[in-house]
Amino acid sequence: MSVNFSTDEDFARQLDSEDPLCHFREKFYLPLRKDGEPLIYFAGNSLGLMPRSARELVDEELDNWAKLGVDAHLATRTPWYTYHEAVRKPTARLVGGKPLEVICMNSLTVNLHLMMATFYRPTQSRFKILMEEPAFPSDTYAIKTQIVHHGLNPRDALILARPGKNDFTVRPEDIIDLIDKHADQLAVVMFAGVNFFTGQSFDIEKITSAARKRDIVVGFDLAHAIGNVPLSLHDWNVDFAVWCSYKYLNSGPGAVAGAFVHERHAANTKLPRLAGWFGNDPNTRFRLHLEPEFVPVASADGWQISNPPILSMAPLRASLAVFDEAGGMEPLHAKSIRLTSYLEFLLTEIGSKKFTVITPRESNARGCQLSILAHEHPKELLREVETAGVKCDFREPNVIRVAPTPLYNTFHEVWRFGRILAQHQ
Ligand SMILES: *Cc1c(COP(=O)(O)O)cnc(C)c1O
């Protein structure tokens, strides 16, 4: 890939002029520097930028509330009562699921707990959970407290797939080896799609197949994968997945998250779960106290608990429409591979001994993020980069994460970022 790249500024400009998705940048509000120029926003892995269309959709629902009050549940263009239906199909397209397999609800960690309530049913012999290290702390807390909730000890029940010696990422063969080694005792394999810290993406299909062969339930946290890499959850046979929508999905702070439940489970109304009225058959839902028996919807909707937060679902609708307009993950991922490979090429050309990219080099083993480990004075480097007008983020003790995204970043921004780092010699 990198053989055709060049360090010339004109080359970056040329890549932008050839980019069929370049006009999508105009659909977003770009945060500005003090001098009024846009920041180089490489923090879409933390909070994606606001689609301009979000404001109109939020305003529409505020107006509906003002004008109609309770009647807006049923009487508007997109009735509140079925508002989650409006985001179902575009979400299913992004995760490669059937519409009945996805539901947008709650936030990520809450959804992880809800999925575990159904799928982590430890027995005397099968009670272990395999996850990767380092995992996002919220996932670690959720999984550990799930284990404790069942009266078990994480020291016995939690298996961690760790990076190899002198390595930063987990070797794919080590994951499969751990599944095989603990096969008889593993209840759940719970992995990230893309690791938040290293940017490493995991082979979801392979992990799923290895686990399911041994009758182990497999779930994925797609916080850093959705809207970043192509997904085919249904075909890959994943049991369940959860994600948030405020990172690469650009749906706003604390946006409504999502969950995937494979068809073979989604339609099974006998599965145990933590329930609420919006998971109940809509035909009897409003008989309220007359229907004390919970009858789950025979789809992922059966895990929905409460009525949806309309004001935070409106930006999700706006954002998903942008993904559809761009043609979905295929063209976006094609650009993303070019953008991140170009960034990697520039960092390699700089050849500094002061930092190392710890993200895998193969484009099928990562998403758009590169994690740069600074060997000396990492906070100083971060300060320099930020002073030069770059928004990126820092993970203790010494990793700067940069995530050029195909919807609103340009090749010229990547080139400028390379120049800023080159000056730090
Ligand atoms: C961002 C992120 C979270 C955040 O969880 P919330 O419940 O949305 O606050 C959790 N897990 C992973 C892996 C993340 O990347």
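Modeller: What follows is an account of the boundary between the domains. This is a predicted model, in which local features need pLDDT of at least 70 and side-chain atom pairs count only at pLDDT 80 or more, while totals for chains, interfaces and linings use all residues. Residues are numbered from 1 along each chain as its sequence is written, and side-chain values use heavy atoms, with hydrogens and water left out.

The protein chain is divided into domain 1 (2-49 + 328-423) and domain 2 (59-324), with bounds that come from an automatic or database domain assignment. Taken over C-alpha atoms, the centres of domain 1 and domain 2 are 29 Å apart. In domain 1, 32 residues are in contact with 23 residues of domain 2, contact meaning heavy atoms within 4.5 Å.

Together the domains bury about 2200 Å², of which 63% is on carbon and sulfur atoms; buried area is the accessible area (1.4 Å probe) that two parts lose on being put together, summed over both. In domain 1, the residues that lose the most area to domain 2 are Leu47, Met329 and Ile358, which together make up 24% of what that side buries.

Between domain 1 and domain 2 there are zero salt bridges, a salt bridge being a side-chain nitrogen of Lys or Arg within 4 Å of a carboxyl oxygen of Asp or Glu.
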